Amino acid sequence: MTQAHKPKEFKRSLYKPWHALNSLLSPTRCPACTAKVPWDQDPLRRRVCAACLPKLLSQTGQRCSSCGLRLGPRPCAFGWTQCRHCRQQRRHWGRTVVCADYLPPFDQWLTQLKYGQQLAHAATLAAWLAHSVNAQAAKRPDVLVPVPCTAHKLRQRGYNQAALIADHLGRLWGLPVEHGCLRKIRDAAPQADLSREERQNNLNGVFVCTRPLRADLRIGLVDDVITTGATLEQCTRALRKAGARHIDWFAICRTPE
């Protein structure tokens, strides 16, 4: 070992004992039941208590590999890997990993993160997302790119929840997070009451990529919720226009059909 590596190795050797001590002095609280969670080497087990953990681990199920929509028993019986929408449209250029449907209590966790300043939830959700990627045997990307918000929205809220999740995920995997790669240049009209086609048209030209990208780079596009996939599709188009060819989607929740 060279002298240059010794400080890094020394810091790494102190990591686990330090966090174990910090867990005793300031214990992590489970987001589901607020119980104290003891230190554990597994990132998810040190964020969620043993009683609540099985509910998270049971959520993955079989999902559409393109949009993350949960597949029912009939598609599963036929061996489909895509929902009927994606089979018809042949959309998306990678794989989608989702932790759970956007239903209680998980929708509440995302709302608390997005609007309630519960920033600690970002670490829990990132650990859950990392676990889901491993459980689904999905490939890890080379770089993470969070779905951006406008500068106005960032000033208003003070943070971008997708970027917080991506930062924690990047630390867990030792991957770079490119915050400036994508930009949202304007706010679109509210999407809630729009159809799938109207959502796509509403987001046209909203996202731009700020630099050329290598075609061999595997990009992990990170968001908190997939509703119809319109936002991630527009981000993907911007990344592909810049040269990227393989973009995986990573999200905590998917709105059920």
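**Close-up views of a predicted model**

**View 1. L144 and its opposite residue.** In this predicted model, L144 stands opposite G220, a residue of β7. The strands β4 and β7 run parallel and are joined by 4 bridges.

**View 2. The open sheet.** Four strands, in the order β3-β8-β7-β4, make up an open sheet with parallel pairing.

View 3. Helix α6 lies across β3 and β8 and runs at about 120° to β3. Helix α10 (residues 230–241) also packs on the sheet, where α10 touches β7 and β8. The direction of α10 makes about 160° with that of β7.

**View 4. The largest nonpolar core.** This core has 35 residues, and those with the most contacts inside it are W128, I165 and I252. Among the elements that give two or more residues to the core are α5 (106–115), α8 (161–173) and β8 (246–254). The largest share, 8 residues, comes from α6. In soluble globular proteins, nonpolar side chains tend to be buried together.

**View 5. The surroundings of I252.** Leaving aside residues up to four places away in sequence, I252 touches residues including V98, L110, L125, W128 and I165. D223 and D224 are also among the residues that I252 touches.

**View 6. A second core.** A separate core of 25 residues includes V206, L232, A238 and L239. Of the 257 residues of the chain, 45% count as buried.

Terms used:
Residues are numbered from 1 along each chain as its sequence is written. This is a predicted model: local features need pLDDT of at least 70, side-chain atom pairs count only at pLDDT 80 or more; totals for chains, interfaces and linings use all residues. Side-chain values use heavy atoms; hydrogens and water are left out. Buried means under 20% relative accessible area, exposed over 50%, partly exposed in between (1.4 Å probe, protein chains only). A nonpolar core is a set of buried Ala, Val, Leu, Ile, Met, Phe, Trp, Tyr and Cys residues joined through side-chain atoms within 4.5 Å. Contact means heavy atoms within 4.5 Å. Two strands pair if DSSP finds at least two bridges between them. Axes are lines fitted to C-alpha atoms, for helices over the stretch in contact, and angles run from 0 to 180 degrees between N-to-C directions.
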